[in-house]
Amino acid sequence: MNGKDILFVFLKSLFVFAPLYLCFQLGSQYYGDRFSGPYPTDPIMVRVGDDPSWKMINIDESGWDTQFPNPPSNYWWRVRIQIDSNLAERTPLGLAIRSYLASYEAYWDGHHIGSNGKVGYDRTSEKPGGIFKVFLLPEMLSQPGTHLLAVRASQHYSTGQIRKPFLLLSSYDRQSQWLIIFAAFMHILAGVFLVIGLYYGLIFFKSIKEWQFLIFALLSSLLFLWILAEYVRFYYAYPYSWHFVRIFTISWLSFSVSLLISAFFIFRYQPQLKWLLIFQLVFQVGFYYWKSDFDELNYYYINIALLISFLTLFRAVWHKEKYSEEGLLSIIPLFAASFFFYPIYYDQVLFIGFTIFIFINLYALSRYLGDQRVHLELVRSRANLLKVELLKKNIHPHFLMNTLTSLISWVEESPKTAVSFIEALAEEFESLSEISEKQVIEMSQEVDLCKSHLKVMQFRHEIPYQLHTEGILDEEKIPPAIFLTLLENGLTHNKIDTHNPTFYLNRKEINNTIQYYFHAPGLSLKNDHTSTPGTGLQYVKARLSSMYGDKWKLESGPDKEGWFTKITIENS
Amino acid sequence: MNILIVEDEIRIAKLLENQIRELLGSKLKKLSHCQYLAEANNFINKYPLDLLFLDLNLKGENGFDLLQKFTALPFQTVIVSAYKDQAIEAFEFGVLDFIPKPFNKKRLQKTLDRLFHHSTDQGKGLKYIAVKKKGRIVSLPLSEILFIQADGHYTELHTASQYFICNKSMDSLEILLPKQFIRIHRSYLVDLNRIEEIQKFPGSKYQILLKNGKELPVSRKGFKLLDSRFI
């Protein structure tokens with residue numbers, strides 16, 4: 001990857017990053033005062049019990065505490081809130097209470113401004129409130145100065161965790177709109193992730209069965225679900241009793257996403273490091289039992305994933321794996337999120353990181369797919385070329401013209417022999433035409449082909465050639481005409497002066513490999529054995545590659561009595 | 001006439017042998033056959049030879065290296081091959097003829113006609129003549145040759161700056177060379193395009209002046225040939 005490419009990828013990242021950052025910034029602006037911090041207030045004072053007079057502004061607050069009680073006690077809390085002149089101009093004001101797991105009634109300067117759910121004394125009388133509520137403040141009570149918020153609450157549906165309320169005060173319109181707008185933007189992103197997930201899922205199931213595509217599809221789909229689960233709280237005030245179900249779901253999503261991130265890089269670049277995933281799983285389970293805070297837990301999950309991804313990618317880059325630099329680049333924003341934005345803004349920056357992550361890897365995967373297509377073309381064109389090569393064996397001028405010349409000689413000398421010669425030739429042509437369209441034939445066909453060729457050559461050379469086979473399996477599938485080619489090579493390149501020249505074809509199974517040993521008799525006339533292989537041997541090698549990939553080996557060379565060729569095929 | 005056939009396919013050699021015997025009859029002194037090149041090399045070194053029939057695709061050896069080697073020798077070479085596409089290159093290297101397989105007697109007769117001066121398309125395609133230079137055989141482009149001078153059984157091929165020794169006789173070269181080379185004298189062959197003027201002296205003595213200033217003698221027969229070509 002050169003500088004230009006890095007710049008290119010960087011610009012692409014910016015392309016994604018910039019609009020998100022802009023939303024983020026504009027959103028904060030639009031929201032006015034605060035985006036995600038609570039509205040600054042005096043400390044919240046709490047008292048267990050239930051007394052309607054506690055809504056009043058001026059009461060004796062001795063005996064009130066800053067500690068929230070453990071459920072199931074009913075309690076009140078009171079807080080003093082400053083409205084400055086700036087905020088006071090933006091009436092009507094909205095007071096939002098978020099992430100507070102309770103049913104409650106709210107009083108503003110002693111006036112009831114609304115309820116969330118229904119406060120009760122047990123589960124039957126309580127109706128759980130939603131996860132957020134925005135209260136409209138009366139304009140006459142929105143003057144600059146100190147105001148009192150008093151809340152009467154019950155938490156009979158709580159599962160034990162105490163969650164302090166999160167207060168936001170701003171103009172009512174913006175209060176009710178901004179988070180929905182933000183969620184809308186996040187859902188656009190979620191839609192993109194969903195489409196990417198579906199697309200790569202289809203690629204995996206319909207065409208290329210490679211794990212990296214499935215993992216990438218799952219990863220994108222889970223990120224889609226994560227966004228839904230994360231931002232549902234911005235527009236749907238689900239009952240607070242569901243809150244931990246949601247948090248728990250998110251936690252499992254981040255657990256899975258973390259594993260999938262590492263798995264994606266491992267399966268894509270370094271499959272031999274699969275054991276690292278077990279290691280990561282053990283750590284994640286360990287964190288789960290060790291940490292009780294879900295936010296912290298997610299942070300740890302993501303970080304172990306980043307660590308393992310980094311090791312994998314570093315090794316891949318070191319070994320110059322194709323597109324591994326892009327992979328490495330794609331996790332940098334996630335690292336940045338962990339290093340610079342935890343815990344404040346972590347969620348938001350994490351999703352920006354995921355977006356960049358998905359987009360860079362999308363780019364790398366599409367490049368990979370492009371390469372695959374080119375490779376496929378190559379394989380296809382090579383197969384066609386081989387087909388042509390095979391067809392050419394039928395009509396090769398050297399073979400055809402020499403054979404015809406010999407035939408003339410036989411016609412003149414012995415018409416009877418000439419007829420046998422023609423019959424032998426017809427037999428060879430028939431055998432060849434039977435296999436010429438095929439990519440794979442049976443061993444018995446190949447042996448027939450060799451024998452009919454030898455018969456033709458017998459008439460041409462007046463030498464009684466023989467083929468001796470040992471250990472071959474008639475039904476075994478092999479590429480067409482490879483032994484025929486070796487036979488032809490032997491006939492063309494060897495000076496045969498024995499009386500009964502015999503070609504040998506031997507098959508053995510050794511150490512989970514199949515070994516074919518082919519031997520051509522006679523003295524080789526080729527002096528330079530290191531020279532580039534002739535077209536015959538090239539044909540054989542191309543055929544072996546197209547059938548066995550790289551799971552074959554070919555050795556050949558002279559020996560005392562001729563020329564040997566040894567083909568070793570790994571058993572798959 | 002001594003003829004050698006180098007052909008690895010016995011049947012083809014037999015066919016060629018029969019046809020040559022029929023066509024040449026008593027003109028044939030000795031007809032031999034070698035299956036492999038090594039034998040052929042031995043044979044060539046030992047016995048006199050007038051004509052060589054050579055199968056160009058000899059068991060994996062490079063035909064054109066051989067061709068250069070054989071065409072540098074005094075005898076004429078004829079290629080017999082199934083690869084017609086090699087004919088042009090073979091002619092460039094100075095073979096007498098190229099017979100494609102399968103062949104017949106008529107085609108073979110044409111080759112022999114060429115050998116006995118009856119050919120009309122003589123020298124077509126010839127581009128190089130194999131000569132010896134410092135013990136090595138090199139191909140001298142025909143376009144560089146100004147004239148050729150006999151030197152016993154050999155010939156000297158003169159270019160603008162130097163000359164090369166060729167193993168072929170004047171007669172053999174005359175058969176191979178294209179029509180623009182004229183035998184102006186028993187000992188001289190000259191490229192027509194190199195002649196500046198033909199000079200006539202008293203007593204029916206002639207000579208030519210080449211463009212580079214060199215003077216060569218012209219025989220009476222040579223003058224007639226020149227005269228007929230310069231009209």
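In this predicted model, five strands of chain A form an open sheet in the order E10-E13-E14-E17-E16, with mixed pairing. Strands (E, at least two residues) and helices (H or I, at least four) are DSSP runs, numbered from the N terminus. Two strands pair if DSSP finds at least two bridges between them. Strand E10 (466-470) and strand E16 (552-559) of chain A stand at the edges with a single partner strand each, so one side of each lacks a neighbour in the sheet. The twist averages 15° from one strand to the next. Strands E14 (residues 513-521) and E17 (residues 562-570) of chain A run antiparallel and are joined by 9 bridges. A:Tyr516 stands opposite A:Ile567 in E17(A). H13(A) lies across E13 (502-510), E14 and E17 of chain A, at about 25° to E14(A). Axes are lines fitted to C-alpha atoms, for helices over the stretch in contact, and angles run from 0 to 180 degrees between N-to-C directions.

Residues are numbered from 1 along each chain as its sequence is written, and chains are lettered from A and ligands numbered from 1 in the order written. Local features need pLDDT of at least 70 and side-chain atom pairs 80 or more, while totals for chains, interfaces and linings use all residues.

Helix H13 (482-493) also belongs to the side of chain A that touches chain B, together with helix H10 (397-413) and helix H12 (443-461), each giving two or more residues. In total, 18 residues of chain A contact 15 residues of chain B (C-beta atoms, placed from the backbone, within 7 Å). H10(A) supplies the largest share of the chain A side, 10 residues.

The largest nonpolar core has 56 residues. Such a core is a set of buried Ala, Val, Leu, Ile, Met, Phe, Trp, Tyr and Cys residues joined through C-beta atoms within 7 Å; buried means 20 or more other C-beta atoms within 10 Å of the residue's own. H5(A) gives the most to this core, with 13 residues. A:Ile215 is among the residues with the most contacts inside the core. Beyond four places in sequence, A:Ile215 touches A:Leu260, A:Ala263, A:Phe264 and A:Phe267. A second, separate core of 50 residues includes B:Leu15, B:Leu67, B:Ile145 and B:Leu157.

Chain B has 7 helices and 15 strands. Its mean pLDDT (the predictor's confidence in each residue, from 0 to 100) is 85. Helix H3 (residues 63-71) of chain B has the lowest confidence in that chain, at a mean of 75. The model scores ipTM 0.76 and pTM 0.60.

Methods: Two residues are in contact if their C-beta atoms, placed from the backbone, lie within 7 Å. A residue is buried if 20 or more other C-beta atoms lie within 10 Å of its own, exposed if 12 or fewer, and partly exposed in between; C-beta atoms are placed from the backbone.
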